[in-house]
Amino acid sequence: MSMEMDMSLGCNSSGVPLLSCRNLRVSFGVTEALRGVDVDIYPGEVLAVMGPSGSGKSTLLHALAGVVKLDTGTVTYNGSDVTALSEAERSALRLSAFGFVFQFGQLLPDLSAVDNVSLPLLLAGIPRRRALQQAKSWLDRLGLAGFGDKLPGEMSGGQAQRVAIARALVNAPKILFADEPTGSLDSLAAENVMLTLTDLARATGTTVVIITHDPRTAAHADREIIVRDGLVTSGSVAFSQASDVPQ
Ligand code: ADP
Ligand code: MG
């Protein structure tokens with residue numbers, strides 16, 4: 001498997017952000033979900049987004065991924081203003097550069113693990129044999145060797161979440177967005193899923209933005225920001241302390 005490393009800038013505050021936003025405002029009717037948010041996300045970092053329920057975490061993730069309409073603000077990916085792109089261009093960027101995992105993995109229930117994981121590759125036009133091979137090797141890397149033929153309903157929650165992570169990583173996204181990916185798991189399964197996720201992200205140089213309200217999950221991140229009432233109240237645009245940086 002080709003492992004395109006994008007670590008030349010390293011994971012430090014002097015690097016150029018891979019993804020950033022300025023003055024993001026998003027509202028739903030009279031609800032102001034985001035009220036002027038600035039965030040910088042650096043290549044290769046694992047960023048935890050914390051904060052109370054309803055504070056705007058998911059909306060921030062959707063705004064960064066370009067799937068929600070902004071009232072104002074800009075999102076910059078790799079130096080380009082994503083908000084200036086057409087919807088079709090944004091959608092192409094999402095397909096090629098972003099991966100997603102949600103609280104409930106949203107696996108297709110009638111497809112086996114290996115078929116679920118190979119789906120993004122087939123959609124990208126990769127021949128079936130090769131897609132299945134790559135999917136199998138990702139399942140192996142996630143500790144699921146031998147589970148390829150199982151249906152989602154035949155696996156534990158933690159196993160199903162790993163399949164969802166394999167599916168999100170299989171076409172080598174630059175950024176993995178994860179919205180409470182361990183929220184439905186018991187603490188041991190959550191810990192295992194986080195260890196696997198962060199190990200893989202670091203091994204492949206994938207940048208991860210992970211929403212969680214579990215401090216033990218956030219402890220696996222390189223850095224955390226806190227969203228409260230539609231605003232980022234700490235950690236906003238720079239590494240807070242040298243000690244937060246890995247290595
Ligand atoms: P969190 O992920 O931190 O729990 P959300 O980003 O989901 O918070 O929600 C932030 C606020 O925006 C909440 O008040 C929520 O009710 C509201 N909201 C989010 N999505 C929608 C939507 N699609 N329609 C209406 N209101 C929404
Ligand atoms: Mg949410």
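Across which strands does H1 lie, and at what angle does H1 run to E1? In this predicted model, in which local features need pLDDT of at least 70, side-chain atom pairs count only at pLDDT 80 or more, and totals for chains, interfaces and linings use all residues, H1 lies across E1, E2 and strand E4 (72–77) and runs at about 120° to E1. Residues are numbered from 1 along each chain as its sequence is written, while chains are lettered from A and ligands numbered from 1 in the order in which they are written. Helices (H or I, at least four residues) and strands (E, at least two) are DSSP runs numbered from the N terminus; axes are lines fitted to C-alpha atoms, for helices over the stretch in contact (C-beta atoms, placed from the backbone, within 7 Å), with angles from 0 to 180 degrees between N-to-C directions.

The open sheet comprises 4 strands in the order E2-E1-E4-E5, with antiparallel pairing (at least two DSSP bridges between two strands). Between E1 (residues 19–28) and E2, the antiparallel pairing extends over 8 bridges, and leucine 19 stands opposite isoleucine 41 in E2.

The shell around ligand 1 (C-beta atom, placed from the backbone, within 6 Å) includes Phe28, Thr31 and Lys57. Strand E2 (31–41) and helix H1 (57–64) each supply at least two of its residues, and H1 provides the largest share, 3 residues.

The predictor assigns the complex an ipTM of 0.98 and a pTM of 0.87.

Methods: Two residues are in contact if their C-beta atoms, placed from the backbone, lie within 7 Å.
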